[in-house]
Structures are given as C-alpha cells and as structure tokens.
Amino acid sequence: MPQVTVLNHPLVDVKMTTLRDAATPAYRFRQTLHEMAALMSAEVFRHLEVQPVDVTTPLEVTTGAALPPYAPCLVSILRAGNGLTDAFLNIFPEAAVGHLGMERDHDTHQARAYYEKLPPAIEKRQVILIDPMLATGGSAVMAAAQLRSRGVRDIVFTALVAAPEGVTAFHNAHPDIPVITAAMDRELNDNCYILPGLGDAGDRIINTQKPNAHQPR
Ligand code: PRP
Ligand code: URA
C-alpha cells in the first residue's frame, strides 16, 4: 500500500474549493496557496529529523529540539513548485532551498528535466520535494530519482492534488518515500490533467493563463 497521507480537514476542503474554482484570480490563488501550506505544514514537517538539545526556560533546563547542522532542504519542481515552496518557506524559514526544472511535453505528457540547482552537501540533507500536482507522476518520479542520483537518502514528497495514477507510479518507483497531499482526485483526462483538479497549476500561480481559458489543453 502506498505511503500516502491525504489531509482530511474541513478547512483544507474550503481552501481547496477556492483553488479549484476557475474564477479564482491568480492573486487570490497564490494567497490561498499560502493559507493551504500553513494547514499542510504540520503533516509535511512531521517527518523532519531533529536532535535533542538543552534549553533553559526561566524555571529550569529541559530538552528541546534542534535542526541538524545541514538544514533540511525544500526542493521545488519548477515552475509550479515555487508557489508552494515559498509558502512553506514562510513557515519554515530555516530551510535551505533547491530547484529542479521539469517540463511535461504537451503531446506525450512525458517529463523532461531542464534545470538543476541544489544547495551544497545535498546528500547530507533531508529533502522535502514539492510540486502542487501529481498527475501521471512522471515529473515527481524523475525529480526524486535525480535527488537520489545526487546521494539524497531521506525524501518526503508533497503535493496539493494527486491522481491515483500518479500515486501508484510514484510508489512503484520510490516505495520508501512518503507522499502527503491535500486532496486525492478521481482520475486523469485524455490530456493527463487531473479531474476534477484545478487546471494548470503553474499557469494559475504565475498568471499565464489565456484570457477566459478555463480548460487547459
Ligand atoms: C505540471 C506540474 C507538475 C507536472 C505534473 O508541470 O506542476 O510538475 O505537471 O504532471 P505529471 O505528474 O504528469 O508529470 P508542467 O510540466 O506543466 O510545468 P510548469 O510547472 O512549468 O507549468
Ligand atoms: N499539471 C497541472 O498543472 N495540472 C494537472 O492537472 C496535471 C498536470
């Protein structure tokens, strides 16, 4: 059984309704993404590895938690990952940030890697891999494999919306990587868009949709 956690929370459902709504303008989409990340963060960062540390309260010394010397890294799958990564960074500003460029071919729907910029000593860091959409799974599978090829051992993948096809493909390729998603949708359409979904996440975040284009191709 795939290690997938679907957030089950009424406020997540309210925010997701705003994100799904084709009439939501880009500025409100981005703002809602930030609010959604705040709700998702408790589950996403549950997997963080911390170390015990002494902390002196006004009354006594007790044991607290500290991040490891190499800060965990938020890795954004470009472009759409940037919106969600910025939102997580607001909540976890101590994190490092890396970028992997992945682009789906419009006709074959196959992912293609076009960019990589990761912080030093990435192999010593825990990675939270971030992409709002897990559709066929091609982009996330390739991104996780690229991180593995750089020596990263501890990865958590998080999405806003996942399709069952993508979860299965990701789990088949990377069975040890937990997946956390705010919603598990029904299926993919003939163009490998998620149904009901929210359309093209990248376009909606950076406001590059065609005027009145509610239907992605
Ligand atoms: C979208 C999305 C994911 C990918 C998901 O990116 O942000 O990266 O598609 O689809 P998959 O699971 O079938 O690979 P896209 O290629 O449209 O690039 P963009 O973020 O630059 O718009
Ligand atoms: N990429 C998106 O942005 N949306 C989908 O539904 C599928 C892939």
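This is a predicted model: local features need pLDDT of at least 70, side-chain atom pairs count only at pLDDT 80 or more; totals for chains, interfaces and linings use all residues.
Biologist: Which residues come nearest to ligand 1?

Modeller: The elements that give two or more residues to the shell around ligand 1 are strand E5 (96–104), strand E8 (133–134) and helix H4 (138–149), and E5 gives the largest share, with 3 residues. The shell holds 16 residues, and those that come nearest to ligand 1 are Arg79, Arg104, Asp131, Thr136 and Ser139.

Biologist: How much of the accessible area of ligand 1 does the protein cover?

Modeller: Oxygen atoms of ligand 1 take part in several polar contacts, including one at 2.6 Å from a polar side-chain atom of Arg79 and one at 2.6 Å from an N or O atom in the side chain of Thr136. A polar side-chain atom of Ser139 likewise lies 2.6 Å from an oxygen atom of ligand 1. On its own ligand 1 has 500 Å² of accessible area, and the share of this that the protein covers is 91%.

Biologist: How do the residues of the shell around ligand 2 divide by class?

Modeller: The residues around ligand 2 are Arg104, Met133, Ala135, Cys192, Tyr193, Ile194, Gly199, Asp200 and Ala201. By class, this shell is made up of 6 nonpolar, 1 polar and 2 charged residues.

Biologist: Is Thr181 buried or exposed?

Modeller: Thr181 is found in strand E10 (residues 179–184), and a polar atom of its side chain lies 2.9 Å from the backbone oxygen of Ala183. Leaving aside residues up to four places away in sequence, Thr181 touches Val4, Thr5, Val6, Leu7, Ala159, Leu160, Val161 and Ala162. Because its relative accessible area is 0%, Thr181 counts as buried.

Biologist: Which residue does a cis peptide bond join to Leu78?

Modeller: Most peptide bonds are trans. The residue in question lies in the loop between strand E4 (73–78) and helix H3 (81–91), and the cis bond has an omega of about -5°. The residue joined to Leu78 is Arg79.

Biologist: Where is the place of Pro196?

Modeller: A cis peptide bond joins Leu195 and Pro196, with omega at about -5°. The place of Pro196 is in the loop between strand E12 (194–195) and helix H6 (201–206).

Biologist: Why does Ala121 count as buried?

Modeller: Ala121 has a positive phi of about 55° although it is not a glycine, and its place is in the loop between strand E6 (111–117) and strand E7 (127–130). Buried means under 20% relative accessible area. Ala121 therefore counts as buried, because its relative accessibility is 18%.

Biologist: Is Asn207 buried or exposed?

Modeller: Most residues other than glycine have a negative phi, whereas Asn207, which lies in the segment after H6, has a positive phi near 60°. Exposed means over 50% relative accessible area. With a relative accessible area of 54%, Asn207 is therefore exposed.

Technical notes
Residues are numbered from 1 along each chain as its sequence is written. Chains are lettered from A and ligands numbered from 1 in the order in which they are written. Side-chain values use heavy atoms; hydrogens and water are left out. A residue is near a molecule or strand if one of its heavy atoms lies within 4 Å of it. Ala, Val, Leu, Ile, Met, Phe, Trp, Tyr, Cys and Pro count as nonpolar, Asp, Glu, Lys and Arg as charged, and the others, Gly among them, as polar. A polar contact is a pair of N or O atoms within 3.5 Å; within protein, one must be able to donate a hydrogen and the other to accept it, and residues adjacent in sequence count only if both atoms are side-chain atoms. Accessible areas come from the Shrake-Rupley method with a 1.4 Å probe; for residues, only the protein chains shown count as cover. Helices (H or I, at least four residues) and strands (E, at least two) are DSSP runs, numbered from the N terminus. Buried means under 20% relative accessible area, exposed over 50%, partly exposed in between (1.4 Å probe, protein chains only). Contact means heavy atoms within 4.5 Å.
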